[in-house]
Amino acid sequence: MNALIDKIKVMLAVAVCKGATAVSRLLGHGGSSKPGELALKLVPDILEKIHLPETVIAVTGSNGKTSTVEMITSVLRSAGKKTAWNKEGSNQIEGVATFLLNKCTFSGRVKAQVAVIETDERYARLTFQYFRPTHYLIMNLYRDQLTRNGHPEDVYKAIRDSIYPESQLILNADEPLVSKLGVERGQKNVLYYGASFSEDMGSVNPGIYDDAAFCPVCGKRMSNGSQQGHPGMYHCDACGFARPNTQWTMTGMDLCTNRLSINGTCRIRLELGNTAQCYNTLAAFAVTSQVGIDPDTIVNTLNDFHSHMERAVQYQLSNNSGTALISKHENSVSYDQSIQVIRDDQRDCQVMIIVDAISRKYNTSDTSWLWDIDFEELNLPHVKRIFLSGTYCHDLTVRMRLAGIPREKIIVIESIQEAVRQMDLVHEETSYVMTCFSDIQKFKTLSHVRVVSGECT
Ligand SMILES: [Zn+2]
């Protein structure tokens with residue numbers, strides 16, 4: 001009798017989810033967590049009742065989840081595995097429920113050989129109380145949306161509570177807070193990836209803050225601390241906590257030619273040449289190797305990989321052209337990566353920073369994250385002018401002044417339209433716009449902005 005009731009519940013939840021998704025699409029809404037939310041209201045433990053594929057890969061971390069999940073899925077499909085993944089990007093329990101139930105038969109069987117699940121680092125513990133991933137990739141823990149998430153240590157605790165013994169952990173060895181998760185489970189069923197040259201990288205902190213200076217295990221200062229946003233070697237003399245050995249090792253990284261080598265033999269061409277992309281690619285390599293995909297298939301697929309999440313949008317104005325670097329508000333590592341691009345481009349340029357709405361989802365006016373971004377790096381001779389625009393242009397102004405940017409280079413115009421018009425009056429070799437996913441729409445939809453290539457999602 002109970003089995004029959006369960007069957008009816010599953011059928012009902014799947015039907016409700018699929019029906020609500022169809023209605024949502026008819027109304028023109030994209031990826032949504034609402035259908036899953038409805039199904040969870042109806043059957044709270046529905047995720048426990050469905051039949052998942054034999055291999056379930058979960059991916060979490062502050063930065064790079066979506067790109068890495070895309071890469072993993074791409075490799076699995078190249079290897080002929082029928083793979084389901086939450087492409088819509090809703091990664092809290094409601095979004096995961098929408099994704100899985102939409103992939104289910106009415107009897108509750110997910111129609112795939114592998115499920116790849118991007119999961120929000122704070123809410124993974126809610127999702128995984130109902131099912132366990134077979135492989136759990138944890139990538140990094142940075143300051144990200146502090147008003148919502150809290151400090152990385154808080155996020156660490158939330159992730160720790162999402163880990164069950166059934167899941168094999170695949171961890172970034174170069175991030176002390178992440179590798180501590182391996183220490184906590186006595187290194188049982190844990191595998192690591194990292195860079196062989198992290199010893200060289202670890203001694204320099206290019207960022208503003210230094211969250212990883214102290215040992216996450218005993219709290220003492222580490223003799224060679226790794227730096228948030230810049231992974232590296234670390235060792236604690238007091239308790240012995242140290243960077244673990246890696247199964248998958250980045251043995252070469254050339255950001256000029258966008259090439260990466262893994263374990264000395266596998267060479268991969270990257271779509272984007274930055275440190276974060278190297279780590280994401282290494283993580284995708286590690287996970288797909290671990291589930292049995294042969295190295296040639298992985299390398300060939302990653303060589304041709306093109307993300308649908310564009311990080312750069314080429315635009316043309318009347319007199320100027322340039323690149324919009326899509327960054328994440330409330331996430332300084334993301335902005336630091338964009339600044340790295342401007343710093344490495346030696347051409348004379350103008351830069352515009354737009355901070356208009358801090359969050360798409362949450363009502364916050366917190367600007368503390370502006371103080372974590374390494375704006376000092378923009379104090380360069382080839383950066384001729386910096387336009388500050390949007391509601392928070394005056395907060396940006398104070399930050400720029402403290403970063404030592406000469407007063408004559410700073411132009412503050414709250415109206416994005418007017419700021420773009422002013423930027424277009426003076427010709428420079430190129431220009432850059434730095435802003436987030438939602439504020440970039442306000443730039444792209446201006447009548448005198450023509451998008452040449454790249455769409456952000
Ligand atoms: Zn220690």
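Which strands does helix α14 lie across? I opened the predicted model to find out. Helix α14 spans residues 393-402. I see this helix across β12 (349-354), β13 and β14. Helix α14 runs at about 145° to β13.

Next I looked up helix α15, residues 416-425. Helix α15 lies across β12, β13, β14 and β15 (430-435). Its angle to β13 is about 165°.

Then I turned to the sheet. I read the strand order as β14-β13-β12-β15-β11-β10-β16. This is an open sheet of seven strands, and the pairing is mixed. I noted β14 (410-412) and β16 (450-453) as the edge strands, each pairing on one side only. From one strand to the next, the twist averages 25°.

I checked how β13 meets β14. Strand β13 covers residues 383-389, and three bridges join it to β14. The two strands run parallel. I looked for the partner of Phe-387 and found Ile-411 in β14.

Domains came next. The domain assignment gives domain 1 as 48-303 and domain 2 as 312-453. I find their C-alpha centres 30 Å apart.

Last, I went to Met-1. Met-1 sits in the segment before α1 (2-26). Is Met-1 buried or exposed? Met-1 is exposed, because it has 5 other C-beta atoms within 10 Å, and 12 or fewer counts as exposed. From Met-1 to Thr-367 I get 57 Å, C-alpha to C-alpha, across 366 residues of sequence separation.

Definitions and conventions:
Residues numbered from 1 in each chain as written. Predicted model: local features only at pLDDT ≥ 70, side-chain atom pairs only at ≥ 80, totals over all residues. Helix = DSSP H or I, 4+ residues; strand = E, 2+ residues; numbered from the N terminus. Buried ≥ 20, exposed ≤ 12 C-beta atoms within 10 Å, placed from the backbone. Domains from an automatic or database assignment. Pairing = 2+ DSSP bridges. Axes fitted to C-alpha atoms, helices over the stretch in contact; angles between N-to-C directions. Contact = placed C-beta atoms within 7 Å.
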